[in-house]
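Student: I would like to learn how to read a helix and a chain interface in a model. Where do we start?

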Amino acid sequence: MNFKIRAAKKDDSKDISRLIMELAVYEKMPDRVMISYKELERDGFSSNPFFQCLVAEVPEENKSKEGHTIVGYALYFYTYSTWKGPSVFLEDLYVMPDFRGQGIGKSLMSKVAQVGKEKQCVRLQLLMRDWNTPSLDFYVAKGAQDLTASEGWHFLRFDGEALDKLANEASID
Amino acid sequence: MEYKLRKAEPKDVSDILRLVKELAKYEAMEHQVALTEKELLEDGFGDTPLYHCILAEVQGEQSGEDPKVIGFAMYYFTYDPWSGKQLHLEDFFVMEEYRGHGIGSEILKQLSDLAMKTRCHGMQFIVAEDNEPSISFYKRRGAEDLSTAEGWRLFRFTENSLYKMAASTEE
């Protein structure tokens, strides 16, 4: 099957939003999706975008059952390691189930890595759920190291209310 | 103790690197710091800063002495496709002899103020699981450990693997 990997445009926001929701369903957390395509348009396609996105597109004759030609995406942004310098963080990578097994995921990964290399990034990082074996296998096969297992790194977050409280409170110590 | 928090400036890169190395030493990873002052300068104070930095400064011990940088927080903005903008706290450190005076708390409070003002929906960071003092510091203030609670694991491709993927052709 023919497919094309290209940079996402503002017009793709509705498709990206649809795929974000599909990935959230796969992650068993659909109720956590709070933003719509409008926020994606505002946050990803202004003069100072907060994320970058690639989409996988198939020709009209291969469109999905629902009529979609955008069948996968990779959402990433640049981070900074005080040890090594610029890095890429791969936030989301997803291909619709009917379009898997054709090398689309692999091509999306390659393209993100290429962009990272062009920007002189020294590493690419991502977070994954420990039960997500298909994805774990996919990334480990390409050379990813599990730093939570090997070095004990944990991901912490102050969310919504906790952040608000922290901003409003005086020091506790 | 009297101290001041301020935005880092280009002249601060040697202090920033010094504290980056002290934090790496605390994490028993000092040998991993490959960054130079020149890179910190280009990356943080060029046209498109890749990071932002807040510094904590105390007055010099003797009059006429320069103020001393004794703590820092380095951060940048990331994106959660489920909730939007996030502030990612990359490094956060106060020199040992200056702890216990509320400096760390005040830095965190300023960061959370900034996060709210810049429409961030969360403030996140990665911390080593054996770093008990830091984990308690954050949890006391309402942070949730998502690795424990939701099974998130951090994966990394280092340079070689990254470049290998970049070179691989489409099937």
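Tutor: Start with what covers the helix. This is a predicted model. The buried residues of α4(A) are covered by parts that include α1, β4, α3 and β5 of chain A, together with β7 (152–158) of chain B.

Student: Which residues of helix α4 of chain A are buried?

Tutor: The general idea comes first. An α-helix has 3.6 residues a turn, so residues three or four places apart point the same way. In helix α4 (residues 133–141) of chain A, the buried residues are A:Ser135, A:Leu136 and A:Tyr139. These residues lie on the same side of α4(A) because they cover an arc of only 100 degrees around the axis.

Student: Which exposed residues does the face turned away from the buried side of α4(A) carry?

Tutor: That face carries A:Pro134 and A:Ala141. Just after α4(A) comes A:Gly143, with a positive phi of about 110 degrees.

Student: How many residues does each chain bring to the contact?

Tutor: Chain A brings 79 residues and chain B brings 75 residues. The area buried between the two chains is about 7900 Å², and carbon and sulfur atoms give 60% of it. A:Tyr80, A:Trp83 and A:Leu156 supply 12% of the area that chain A buries against chain B, more than any other three residues.

Student: How many salt bridges are there between chain A and chain B?

Tutor: There are 4 salt bridges between the chains. One salt bridge joins the side chains of A:Arg157 and B:Asp80, at 3.2 Å from N to O. By class, the side of chain A that touches chain B has 41 nonpolar, 17 polar and 21 charged residues.

Methods
Residues numbered from 1 in each chain as written. Chains lettered and ligands numbered in written order. Predicted model: local features only at pLDDT ≥ 70, side-chain atom pairs only at ≥ 80, totals over all residues. Heavy atoms only, no water. Buried < 20%, exposed > 50% of the residue type's maximum accessible area, 1.4 Å probe, protein only. Helix = DSSP H or I, 4+ residues; strand = E, 2+ residues; numbered from the N terminus. Arc of directions from axis to C-beta. Contact = heavy atoms within 4.5 Å. Buried area = accessible area lost by both parts, 1.4 Å probe. Nonpolar A, V, L, I, M, F, W, Y, C, P; charged D, E, K, R; others polar.
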